[in-house]
Each structure stands twice: as C-alpha cells, then as structure tokens.
Amino acid sequence: MTNPKRNVEDADVVERLRQTFRNSKKSQQELADILGCSRSYVGNIMSGRALLSGRVMRKLLDQGYDIHWILSGTSQSEEIQKLQEKIDTVKELLKEAYKQ
C-alpha cells in the first residue's frame, strides 16, 4: 500500500516559491546553505510537502526575496508603485486647482 503525497502548503505559494528559486538559478543545496536548512527540506518546501517556517521566511527576506509576493501574489514594490502613481495624480490635480 502506497501513501499518497500530501500537500500541506497552498499550491499558489508553492508555485511562486518555485518560480523565485528557479529565477535565483541556485541549486537546492545552495538554497539550503543560504537558508540554514537541509536540501531535503528545501525539496519538501518546493514540492508542497512542508510548510515554510518563520525562520526560513526571515532568511528569504534577509536575502532580498519578496516574501510578500511569495505568500500573497502581490509585490510590495508593485503596491508602492501604484501608490506613488496615485500620489503623483493628486499632486497634478492640486497644481491644476491652484493655478485657477
């Protein structure tokens, strides 16, 4: 009797994490060394069989990975850009209003 694979992590989170790791062009062992965990744990995270621990998320953040995007699918830098565009629009409206 075989045990079916269990997925414990959200499939979207796993896919974004895989994409992040692929883009880094690092091997699972290199990522494990950076994150301070075993290569098998990295493999389990990437397959959805293990949850991201807080310690690993912190290490990813310290290495410059966008944790917000990995977990939610939205990038903080994208959100900041959207807010900046709104601020710029308001500034332009205020300039026009004071010209009259």
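Is Phe-21 buried or exposed? Phe-21 counts as buried, at 3% relative accessibility. Buried means under 20% relative accessible area, exposed over 50%, and partly exposed in between, with a 1.4 Å probe and protein chains only.

This is a predicted model, where local features need pLDDT of at least 70, side-chain atom pairs count only at pLDDT 80 or more, and totals for chains, interfaces and linings use all residues. Residues are numbered from 1 along each chain as its sequence is written, and side-chain values use heavy atoms, with hydrogens and water left out.

**Aromatic pair**

A search of the whole structure gives one aromatic pair. The ring centres of Phe-21 and Tyr-65 are 6.4 Å apart and the planes are at 80 degrees, so the pair is edge-to-face. Rings of Phe, Tyr and Trp (its six-membered ring) pair if their centres lie within 6.5 Å; planes under 30 degrees apart are stacked, over 60 edge-to-face, the rest tilted. Phe-21 sits in helix H1 (residues 11-24) and Tyr-65 in the loop between helix H4 (54-62) and helix H5 (67-72), so the pair ties together parts 44 residues apart in sequence. Tyr-65 is buried too, with a relative accessible area of 15%.

**Accessibility by residue**

| Residue | Relative accessibility | Class |
|---|---|---|
| Phe-21 | 3% | buried |
| Tyr-65 | 15% | buried |
| Val-90 | 46% | partly exposed |
| Lys-25 | 73% | exposed |

**Surface and backbone**

Val-90 belongs to helix H6 (residues 76-99). Together, Val-90, Leu-94 and Tyr-98 make a nonpolar surface patch of about 360 Å². Lys-25 lies in the loop between H1 and helix H2 (28-35). Lys-25 is not a glycine, yet has a positive phi of about 55 degrees.

Like charges are joined within 9 Å, and nonpolar side chains (Val, Leu, Ile, Met, Phe, Trp, Tyr) within 5 Å.

**Overall fold**

The protein has six helices and zero strands. Helices (H or I, at least four residues) and strands (E, at least two) are DSSP runs, numbered from the N terminus. The C-alpha atoms fill a box of roughly 80 × 30 × 20 Å along the principal axes. Buried residues make up 26% of the 100 residues. Of contacts (heavy atoms within 4.5 Å) between residues at least 6 apart in sequence, 51% join residues at least 24 apart.

Notes: Patch = residues over 30% accessible without salt bridge, like charges linked within 9 Å, V, L, I, M, F, W, Y side chains within 5 Å. Areas by Shrake-Rupley, 256 points an atom, 1.4 Å probe, with all protein chains shown as cover. Salt bridge = Lys/Arg side-chain N within 4 Å of Asp/Glu carboxyl O.
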